[in-house]
Amino acid sequence: MDRDNPDSFLLRNPNPIQVADRRSSFLQKIGSFQIGVEELIQLICALSTVRAVASTEQDVAGFDEMAAGTKRKYYMLGGKGGVGKTSCAASLAVKFANNGHPTIVVSTDPAHSLSDSFAQDLSGGTLMPVDGLDGPLFALEINPEKAREEFRSANKTSGSSGVKDFMDSMGLGMLVEQLGELKLGELLDTPPPGLDEAIAISKVMQFVEAPEYNSFSRIVFDTAPTGHTLRLLSLPDFLDASIGKILKLREKISSATSAIKSVFGQEEPKQDAADKLKQLRERMIKVRELFRDTESTEFVIVTIPTVMAVSESSRLRASLKKENVPVKRLVVNQVLPPSAVDCKFCAMKRKDQMRALEMIYNDPELLGLKLIQAPLVDVEIRGVPALRFMGDIVWK
Ligand SMILES: Nc1ncnc2c1ncn2[C@@H]1O[C@H](COP(=O)(O)OP(=O)(O)OP(=O)(O)O)[C@@H](O)[C@H]1O
């Protein structure tokens with residue numbers, strides 16, 4: 001088999017989800033009583049596959065709806081580690097770009113795999129053009145570890161201005177100005193939980209506000225595994241609450257100092273620090289609203305048909321619901337494609353997958369989501385042609 005040719009799977013399986021032919025050949029065999037016990041077992045498995053597939057056949061991703069309109073939309077793909085988030089996010093981004101949407105795919109997973117997935121070096125922490133597409137696609141791997149390192153050395157070598165420059169570049173300049181007294185350098189030596197996500201969020205803020213990103217109409221996030229993602233989503237609330245407290249404190253202090261200053265006849269400071277904090281707070285609120293805006297944002301859960309992955313997806317969905325983050329689609333990746341004859345291993349695996357699929361159908365949290373099945377393919381999904389191929393199967 002030609003492993004460099006992603007079409008090899010396609011050539012052998014013109015429609016991986018199509019099982020009707022297989023069912024009819026089995027039915028013909030039943031009609032003429034030609035089957036033995038082994039085949040009967042296979043038949044039962046095959047029919048259950050048919051049932052599972054048939055019951056979700058109408059659940060195509062609805063790509064046309066996803067691609068409709070030029071107003072910017074954000075898609076966040078997340079789920080348990082290793083289920084195929086990056087492959088799904090990258091293939092969606094490729095499909096958007098090839099359908100005329102200038103697109104950015106952003107990785108907020110500290111263990112990036114966009115470069116591996118596209119088989120191109122996209123590291124570096126800035127927008128990198130992705131080669132080999134019909135339309136513009138850029139990738140951004142946010143590297144919190146590197147960012148933190150840079151921050152530390154800027155702190156050491158150039159004092160506060162270095163820190164300020166760096167934080168400005170991360171869109172967090174205001175935070176340094178206003179919270180300088182909190183000794184951010186020390187904070188980064190023992191980073192609090194959520195700092196990586198804060199850096200990722202600051203980039204989101206840049207997308208929301210910066211005019212240079214205006215032309216991008218689709219932004220796809222390849223998020224970190226579940227725990228990180230939930231922190232990312234709840235961080236604006238957390239920061240908002242903290243900033244709210246600081247603001248109150250500031251107001252108290254400033255009213256006290258202005259009372260003293262008025263007694264001694266001193267000038268008021270030119271710009272009230274509280275104004276800037278207020279501005280930052282408004283930005284946070286904007287990001288929070290963005291995550292919850294059903295018009296512009298959608299969180300797509302990616303899972304695989306195993307009991308563990310489905311259980312985690314159910315919990316993720318419940319948490320997202322609590323955070324009011326819109327979810328409509330669930331991708332079940334790596335579903336065994338139909339085969340006329342299963343080896344023992346495949347038959348067992350198929351049974352296992354069917355059980356997990358049943359679990360999805362009966363899970364109250366996952367019920368009602370558009371279920372998109374993506375087949376397990378026999379080549380690693382790497383490079384633009386492979387992602388284009390995957391995109392055409394998954395994002396229909
Ligand atoms: N449908 C599929 N068929 C075959 N291989 C797949 C499929 N989907 C993903 N893979 C492979 O599984 C591996 C993991 O995929 P991917 O990196 O997309 O997962 P991930 O959820 O982003 O992982 P992580 O949580 O580690 O970031 C890759 O080697 C990828 O090529």
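Student: Which elements each supply at least two residues of the shell around the ligand?

Tutor: Happy to start there, bearing in mind that this is a predicted model. Of the 18 residues around the ligand, G81, G84, K85, T86 and S87 come nearest. The largest share of the shell, three residues, comes from α5. The elements with at least two shell residues each are α5 (85-98) and β7.

Student: In what order do the eight strands form the open sheet?

Tutor: The chain has 15 helices along with eight strands. In the open sheet that these eight strands form, the pairing is mixed, and the order is β3-β4-β2-β5-β1-β6-β7-β8.

Student: Why is one side of each edge strand left without a neighbour in the sheet, and which strands are these?

Tutor: Look at the two ends of the order β3-β4-β2-β5-β1-β6-β7-β8. A strand at the edge has a single partner strand, so one of its sides has no neighbour in the sheet; the strands in question are β3 (128-129) and β8 (370-375).

Student: Which residue in β7 is the bridge partner of I301, and what is the hand of the β-α-β crossover from β6 to β7?

Tutor: The bridge partner of I301 in β7 is L330. From β6, the chain crosses through helix α13 (residues 307-322) to β7, and the hand of this β-α-β crossover is right-handed.

Student: Is Y75 buried or exposed?

Tutor: Y75 sits in strand β1. Leaving aside neighbours within four places in sequence, Y75 is in contact with L92, V220, F221, E298 and V300. A residue counts as buried when 20 or more other C-beta atoms lie within 10 Å of its own. Y75 has 22 of them within 10 Å, so Y75 is buried.

Student: How far apart in space are Y75 and E298, C-alpha to C-alpha?

Tutor: In sequence, Y75 and E298 are 223 residues apart. In space, the C-alpha atoms of Y75 and E298 are apart by 5.1 Å.

Student: How far apart are the end C-alpha atoms of α13?

Tutor: At 1.5 Å a residue, the 16 residues of α13 should span 22 Å.

Student: Within what arc do the buried residues of α13 fall?

Tutor: The buried residues of α13 are A309, V310, E312, S313, L316, R317 and L320. Seen down the helix axis, they line one face, because they fall within an arc of 160 degrees.

Student: Which residues on the other side of α13 are exposed?

Tutor: An α-helix has 3.6 residues a turn, so residues three or four places apart point the same way. On the other side of α13, the exposed residues are V307, M308, K321 and K322.

Notes. Residues are numbered from 1 along each chain as its sequence is written. This is a predicted model: local features need pLDDT of at least 70, side-chain atom pairs count only at pLDDT 80 or more; totals for chains, interfaces and linings use all residues. Two strands pair if DSSP finds at least two bridges between them. Helices (H or I, at least four residues) and strands (E, at least two) are DSSP runs, numbered from the N terminus. A crossover is right-handed if, with the strands pointing away from the viewer, the path from the first strand over the helix to the second runs clockwise. A residue is buried if 20 or more other C-beta atoms lie within 10 Å of its own, exposed if 12 or fewer, and partly exposed in between; C-beta atoms are placed from the backbone. Two residues are in contact if their C-beta atoms, placed from the backbone, lie within 7 Å. The expected span of a helix is 1.5 Å times one less than its number of residues. The arc is that of the directions from the helix axis to the C-beta atoms. A residue is near a molecule or strand if its C-beta atom, placed from the backbone, lies within 6 Å of it.
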